[in-house]
Amino acid sequence: MVNRFEIIVFLSEYELKERVLGQSYDIEICLGSSCFSRGNREVVQVIRDFLRKNHLDDKVMLKGARCMNRCSEGPFIIINGKTFSNIGVQDIEKLLEKELV
Ligand code: FES
């Protein structure tokens, strides 16, 4: 299980890759307290594993977002500008396959 510090370090690596390599996909995940505690903490790890497994780590910019003030509808994830809510660990791989692969 990752903690917030590890996520920030991880997200910084992606920001660096984006600046150096230029990325073609964009994933934003809400790391506000509500979304973080209601599933996005685990979803970040699943996304990392998915990107690594599918050799997409250099093509995807993954970044954390602040609370979007819609906590009751979360947890939120935004992929290439499309907003998805209530995406849990059980749903995220299918969503990534649909949106990225
Ligand atoms: S914590 Fe995600 S919308 Fe508020």
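Where is the place of Asn80? Point 6 has the answer; the rest of the model comes before it.

1. Confidence. Keep in mind that this is a predicted model. The protein has a mean pLDDT of 85, with 77% of its residues at 70 or more. Element by element, the lowest mean pLDDT, 58, belongs to helix α1 (residues 4-21), while strand β4 (residues 82-85) has the highest, 96. Where pLDDT is low, predicted coordinates should not be read in detail. I'd keep that in mind when looking at α1, given its mean of 58.

2. Overall layout. You'll find three helices and four strands in the protein. Reading from the N terminus, the order is α-β-α-β-β-β-α. Of the 101 residues, 25% are buried. As for contacts with a separation of 6 or more, 77% are between residues 24 or more positions apart.

3. The sheet. The four strands make an open sheet, ordered β2-β1-β3-β4, and the pairing is mixed. Its edges are β2 (60-65) and β4, each of which pairs on one side only. Ignoring direction, neighbouring strands are turned against each other by 20 degrees on average.

4. Helix against sheet. Which strands does helix α2 lie across? Helix α2 (residues 33-53) lies across β1 (25-30), β2 and β3. Relative to β1, this helix runs at about 155 degrees.

5. Glu28 belongs to strand β1. Leaving aside residues up to four places away in sequence, Glu28 touches Lys63, Ala65 and Ile78. Take Ile78 in that list: along the chain it is 50 residues from Glu28, yet the two C-alpha atoms are separated by 4.9 Å. Is Glu28 buried or exposed, or something in between? Glu28 has 18 other C-beta atoms within 10 Å, so it counts as partly exposed; buried would take 20 or more, and exposed 12 or fewer.

6. Two asparagines with positive phi. Back to the opening question: Asn80 is found in the loop between β3 and β4. Phi of Asn80 is positive, about 50 degrees, although this residue is not a glycine. Asn80 counts as exposed because it has 12 C-beta neighbours inside 10 Å, and exposed means 12 or fewer. Asn69 also has a positive phi, near 60 degrees, in a residue other than glycine. Asn69 is placed in the loop between β2 and β3. Why does Asn69 count as exposed? Because Asn69 has 6 other C-beta atoms within 10 Å.

Note on methods. Residues are numbered from 1 along each chain as its sequence is written. This is a predicted model: local features need pLDDT of at least 70, side-chain atom pairs count only at pLDDT 80 or more; totals for chains, interfaces and linings use all residues. Two residues are in contact if their C-beta atoms, placed from the backbone, lie within 7 Å. pLDDT is the predictor's confidence in each residue, from 0 to 100. Two strands pair if DSSP finds at least two bridges between them. Axes are lines fitted to C-alpha atoms, for helices over the stretch in contact, and angles run from 0 to 180 degrees between N-to-C directions.
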